[in-house]
Amino acid sequence: MIKGAIFDIDGVLLDSMIIWTDLGERYLRSIGKEPEEGLTEKLFSMSMEQGAEYLKDTYNIDKDTSGILDDINKISEHFYYHEVEAKPGVEELLKDFRTRGIKMVAATSSPRSHVERALTRTGLHNFIDKIFTNSEVGVSKHEPDIYNLAAEYMGTDPSETLVFEDSLYALKTAKAAGYVTVGIYDAKGEKNQAGLLENAKLYLKSYEDLSGLVAIL
């Protein structure tokens, strides 16, 4: 019996993956520079610091990397504060879980200030008991620490806890740690949807049809 659910936020609760795929391009255009073709793919595998260094060197930006990061953070902050919307149908899912008495928390790699503001504005924060962030936990989702802390908070065993993720590496981590995995499709997210499908107990193309999810509750 499922007693708890851990939700990733970007691409799962919020329709926010677009900001992470075009953040570099948005920044360059904001300072009057035209981004190169394929920039998103180049930045995808870099850390924020590495990406800022790449932009500085490649586009001859007259700022240090910390200044570039500050500017980029302001762009992403504005997106979360004023633009991002909830994933279609997710509010109905959260309402159903609340009715069933399923505890709900979130686990994210994004800044707390961004996601808290976005979840509050979209009305989803009312359903989430606590938000765990990788920066505060101290390790990425390549390790199960954030899921284990979330489950401990809810008082649930991994075998009775759903983990909703749109990223393959995170889903694999949760699966290896014994959680019941739910793979979420996002058009701007994971490229390897076949891998996501393979590692998910349940794979959801959207929140419109939840019959498969209801079957495992």
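The legends below describe close-up views of a predicted model.

**View 1. The whole chain, with its overall dimensions and secondary structure.** The protein comprises eleven helices and six strands, and its C-alpha atoms occupy a box of roughly 55 × 35 × 30 Å along the principal axes. A compact globule with 217 residues would have a radius of gyration near 17 Å, and the value of 18 Å computed for the protein agrees with this. Of the 217 residues, 47% count as buried. When contacts between residues at least 6 apart in sequence are considered, 64% of them join residues at least 24 apart.

View 2. Strands β1 and β2 pair in the parallel sense over four bridges, and Ile6 has Val105 in β2 as its bridge partner. Strand β2 is also joined to β3 (residues 131-133) by three bridges, again with the strands running parallel, and here Ala107 stands opposite Phe132 of β3. Together with helix α6 (residues 112-122), the strands β2 and β3 form a right-handed β-α-β unit.

**View 3. The buried face of helix α5.** Within helix α5 (residues 90-100), the residues Val90, Leu93, Leu94 and Phe97 are buried. Viewed down the axis of α5, the buried residues fall within an arc of 95°, so they line one face of the helix. These buried residues pack against β1 (4-7), β2 (103-108), β4 (161-165) and α11 (211-216). Just after α5, Gly101 adopts a positive phi of about 80°.

**View 4. The nonpolar cores and the surroundings of Phe97.** In soluble globular proteins, nonpolar side chains tend to be buried together. The largest nonpolar core of this model has 49 residues, and those with the most contacts inside it are Phe7, Leu55, Phe97 and Phe164. Helix α4 (residues 65-83) gives the most to this core, contributing six residues. Apart from this core lies another, of 13 residues, among them Ala107, Phe132, Ala170 and Ala174. Leaving out residues up to four places away in sequence, Phe97 touches Ala5, Phe7, Ile102, Met104, Leu162, Phe164, Leu213 and Leu217.

**View 5. Thr181 in strand β5.** Thr181 is part of strand β5 (residues 180-184), and its relative accessible area of 3% falls under the 20% cut-off, so Thr181 counts as buried. When residues up to four places away in sequence are not counted, the residues that Thr181 touches are Val163, Leu171, Ala174, Lys175, Asn199, Ala200, Lys201 and Leu202.

**View 6. Val139 in the loop between α7 and α8.** Val139 lies in the loop that runs between α7 (134-137) and α8 (145-154), where its relative accessibility of 29% means that it counts as partly exposed. Once its neighbours within four places in sequence are set aside, Val139 is in contact with Asn134 and Asp145. The C-alpha atom of Val139 is separated by 33 Å from that of Arg29, a residue 110 residues apart from Val139 along the chain.

Notes: Residues are numbered from 1 along each chain as its sequence is written. This is a predicted model: local features need pLDDT of at least 70, side-chain atom pairs count only at pLDDT 80 or more; totals for chains, interfaces and linings use all residues. Side-chain values use heavy atoms; hydrogens and water are left out. Helices (H or I, at least four residues) and strands (E, at least two) are DSSP runs, numbered from the N terminus. Buried means under 20% relative accessible area, exposed over 50%, partly exposed in between (1.4 Å probe, protein chains only). Contact means heavy atoms within 4.5 Å. A nonpolar core is a set of buried Ala, Val, Leu, Ile, Met, Phe, Trp, Tyr and Cys residues joined through side-chain atoms within 4.5 Å. The arc is that of the directions from the helix axis to the C-beta atoms. Two strands pair if DSSP finds at least two bridges between them. A crossover is right-handed if, with the strands pointing away from the viewer, the path from the first strand over the helix to the second runs clockwise. The radius of gyration is taken over C-alpha atoms; the globule rule is 2.2 Å times the number of residues to the power 0.38.
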